[in-house]
Amino acid sequence: KNYTEEIQVLDLGCANGHEALTLYFLLQNNFPDRTIKMIAADSNLISVSNASRLEETSSLIPSWIDKSRYFMNVSGDTYKVKKEIADQIYFEFHNAANVNTYKKTFDLVIARDLSLYMKESDYKKFVLDVTGKIKSGGVLFLGDHEVLSDSHYDKGPSENVTYYIKK
């Protein structure tokens, strides 16, 4: 796919923000010349409200993450994501069942294991709605045991993660 200068990401079910931040760091490491803009959403208001204020001890930050690039030391061994990084990730209270309310389209959507939290009819509607929110050539990540049998997608060639590429 020909990428634009800005990669639009939607992380549904981001909980306390660890997944969204890790994803941001992975994308930034692999696409250093691109701007990553992310919406990280969860239906748990308390978790998502605290996500933007996430602080970690040095020992909990994996070695592949460049602390000096992404974090600032707030006290002793405690680190917080730098403001310029945090400004690229918009944490919000949002229900994945209402994904059709987003005005933009995305290059990457993370929607792992949402089928566990939805009735089958709601999940089918979600898949239909999210398909309209992914750009052609965009990627949809699902949970390890979720299968998408939609003609709009090709299954990604990985045995380690479940993802689909929109045609």
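A salt bridge is a side-chain nitrogen of Lys or Arg within 4 Å of a carboxyl oxygen of Asp or Glu. This model is predicted, so local features need pLDDT of at least 70 and side-chain atom pairs count only at pLDDT 80 or more, while totals for chains, interfaces and linings use all residues. Residues are numbered from 1 along each chain as its sequence is written, and side-chain values use heavy atoms, leaving out hydrogens and water.

Start by selecting Lys135 and Asp107: they form a salt bridge, with the closest N and O atoms 3.4 Å apart. Lys135 sits in strand S8 and Asp107 in strand S7, 28 residues apart (strands are DSSP runs of E, at least two residues; helices are H or I, at least four; both are numbered from the N terminus). Lys135 is partly exposed at 25% relative accessible area, whereas Asp107 is buried at 7% (buried is under 20%, exposed over 50%, partly exposed in between, with a 1.4 Å probe and protein chains only).

Next, pick Arg112 and Glu19. Their salt bridge has its closest N and O atoms 3.3 Å apart, and it links the loop between S7 and H5 to helix H1, 93 residues apart.

Now hop to Gly132, in the loop between helix H5 and strand S8. Leaving aside residues up to four places away in sequence, Gly132 touches Thr105 and Lys166 (contact means heavy atoms within 4.5 Å).

Last stop: the open, antiparallel three-stranded sheet, in the order S3-S5-S4 (strands pair if DSSP finds at least two bridges between them). Select Asn73 and you'll find its bridge partner, Tyr79, in S5.
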